Structures are given as C-alpha cells and as structure tokens.
Amino acid sequence: MLLIVDSTNRALEHKAMRTMFEARKRVFIDLLKWDIPALADRFELDHFDDADATYLIVTDTEGEHLASARLLLTTRPALLDSLFPGLVAGEVPQGPNILEITRFCLSPGIGARQRLVARDALLVGLVEFALANEISTYTGVAELPWFRQIQTFGWDCRALGEPALHRGQALVALRIDVDASTLARLSDAGIVSSAVAASSACAA
C-alpha cells in the first residue's frame, strides 16, 4: 500500500511514520554510517521533518514501512540550497512546482523481491504524486553510484553540476523532470506498480 502523509493526516499514520523513522536510522546511520543524530538511538529525523514535509510511504499489509521518500518544498530552505549549493552549476532550482526528494529509504532485512516491488511502487508513486499535484520537477542529492542507478529508471534525470567529494563520498545534485510521458518511460524500463494510494494530499 502507498500512503501519502502530510500535516493533515500525519497523526493517523503513526505506525507507518514510526517504522519509517526506525528504518531511516538503520539505513542511514547504522548501514551507511552517516554522521547524523538518532533520537533515542532508535529514530532518524531532523529539522526538515516538520509540518511542511510530505512523505510517500510504501507499507506491507500490517502497516509496516517497506520504502519511503520525504518531499520538501523548495519555496523555503531545503537540503540542496541549505547544505549543498556548491553541487549546482548556476541557480538551485526552486519554485512552487519543484519539490526536493530526500531520505529515499528501503527497509533493510526484507527479501530482495519485496525490496524491488516496494522500490518500484515508490518510484511510480512519486511520478503519480507529481502529476496529480502539478509538480514538474524533483531535485535531490545522491551519492554517485545511486545517481547512476536513478538514471536507469527511464525518466528524465540529469546532474545539476559536477560530482564533488563530501566526507569521502562523491555526491551529485540532480533534477528529475516529470510530464505525461514519464509513467510510460518508467514502464518501458521495467518499473511498474500495482500499489494503490490510500490517501492523497497536495504538496503545497
């Protein structure tokens, strides 16, 4: 199931949110060794996890997190312009039709097949969300190997500047442009989803 969670329904999706923050801690802190704090040594969240953040969360039948992404408004400070503006050659893309994808997370400990299904549901959900909410562009920051994988998904994805080292990792700023052809392009690349959104909300 694909949930779209924002300030209007966040309290109703407590289990999905809690297990998402737990998964983010296991992935970004325990596995990837990011130097970021953990709340109660159990949850990963930061000051961007506020009332303006929107989450796409893929869950299992019990409501447990499988995959998720956090969407940030670019009409206010976000990760790219606040922390990594040097990755962008020129102006950082910003505007009411541009959202920043952050904390793309797949739960560890689930089988490879389930991870693939959850990933595809999240990717398709991101495109469907953009089309439903007049979002034309996603931006983000990715480690170079992940950026190269993102480029294989079929959508219009390109770097906003040259890779640069940050704490020993090569990072890339990226943009993904979404239009009416994007879902078909994902399908052509083998990315499809049967997940149905359980709730919807506008990003802006």
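Reader: What share of the contacts with a separation of 6 or more joins residues 24 or more positions apart?

Author: In this predicted model, such pairs account for 70% of the contacts in the protein chain with a separation of 6 or more. A contact here requires heavy atoms within 4.5 Å.

Reader: Which residues does Ile-176 touch, not counting residues up to four places away in sequence?

Author: Ile-176, which is found in strand 8, touches Ser-136, Thr-137, Tyr-138, Ile-150, Trp-155, Asp-156 and Cys-157 on that count. As for Ile-101, its C-alpha atom is 9.8 Å from that of Ile-176, and the two are 75 residues apart in sequence.

Reader: Why is Ile-176 called buried?

Author: Buried means under 20% relative accessible area. Ile-176 has a relative accessible area of 2%, and therefore counts as buried.

Reader: Why is Ala-170 called partly exposed?

Author: The term applies between the limits of 20% and 50%. The relative accessibility of Ala-170 is 22%, so the residue counts as partly exposed. Its place is in strand 8.

Reader: What is Ala-170 in contact with, leaving aside its neighbours within four places in sequence?

Author: Ala-170 is in contact with Ala-142, Glu-143, Leu-144, Ala-164 and Leu-165. Of these, Glu-143 stands 27 residues away along the chain, with a C-alpha separation of 5.7 Å from Ala-170.

Reader: What makes the phi of Asp-41 worth a remark?

Author: Most residues other than glycine have a negative phi. Asp-41 is a residue other than glycine, yet its phi is positive, near 55°. Asp-41 lies in the loop between helix 1 and strand 2 (54-59).

Reader: Is Asp-41 buried or exposed, and how do you know?

Author: Exposed means over 50% relative accessible area. Asp-41 reaches 59% relative accessibility, and therefore counts as exposed.

Reader: What are the phi value of Arg-103 and the element in which Arg-103 is found?

Author: The phi of Arg-103 is near 50°, again a positive value in a residue other than glycine. Arg-103 is found in strand 4.

Reader: How do you know whether Arg-103 is buried or exposed?

Author: The relative accessible area of Arg-103 is 12%. This value is under 20%, so Arg-103 is buried. For the protein chain as a whole, 49% of the 204 residues count as buried.

Reader: How do you know whether the radius of gyration of the protein chain agrees with that of a compact globule?

Author: With 204 residues, a compact globule would have a radius of gyration near 17 Å. The protein chain has 16 Å, and therefore agrees with that expectation. Along the principal axes, the C-alpha atoms fill a box of roughly 45 × 40 × 35 Å.

Reader: How many helices and strands does the protein chain have?

Author: There are five helices and eight strands. Along the sequence they follow the pattern β-α-β-β-α-β-α-β-α-β-β-β-α.

Reader: What makes a space a cavity rather than a pocket, and how many cavities of 30 Å³ or more are there?

Author: In a cavity a 1.4 Å probe fits but cannot get out, whereas a pocket is an open set. The count comes to two cavities of 30 Å³ or more.

Reader: Which classes of residue line the largest cavity?

Author: Its lining has six nonpolar, no polar and three charged residues. Among them are Phe-48, Asp-50, Leu-72 and Arg-76. The lining of the second largest cavity divides into four nonpolar, three polar and three charged residues, and includes Thr-74, Arg-76, Val-92 and Glu-100.

Reader: What is the volume of the largest pocket, and which residues are closest to its centre?

Author: The largest pocket contains about 1300 Å³ of space. Of the 47 residues that line this pocket, Phe-28, Leu-32, Trp-34, Val-141 and Glu-143 are the closest to its centre. The elements that give two or more residues to the lining include helix 1 (14-31), helix 3 (112-132) and strand 8 (169-177). Strand 4 supplies the largest share of the lining, seven residues. By class, the lining has 30 nonpolar, seven polar and 10 charged residues.

Notes: Residues are numbered from 1 along each chain as its sequence is written. This is a predicted model: local features need pLDDT of at least 70, side-chain atom pairs count only at pLDDT 80 or more; totals for chains, interfaces and linings use all residues. Side-chain values use heavy atoms; hydrogens and water are left out. On a 1 Å grid over the protein atoms alone, a cavity is a set of points where a 1.4 Å probe fits but cannot get out, and a pocket is an open set with protein on both sides within 12 Å along at least five of seven lines; lining residues have an atom within 4 Å of a point. Grid points are joined across faces, edges and corners, and a volume is the space filled by probe spheres set on the points. Ala, Val, Leu, Ile, Met, Phe, Trp, Tyr, Cys and Pro count as nonpolar, Asp, Glu, Lys and Arg as charged, and the others, Gly among them, as polar. Helices (H or I, at least four residues) and strands (E, at least two) are DSSP runs, numbered from the N terminus. The radius of gyration is taken over C-alpha atoms; the globule rule is 2.2 Å times the number of residues to the power 0.38. Buried means under 20% relative accessible area, exposed over 50%, partly exposed in between (1.4 Å probe, protein chains only).
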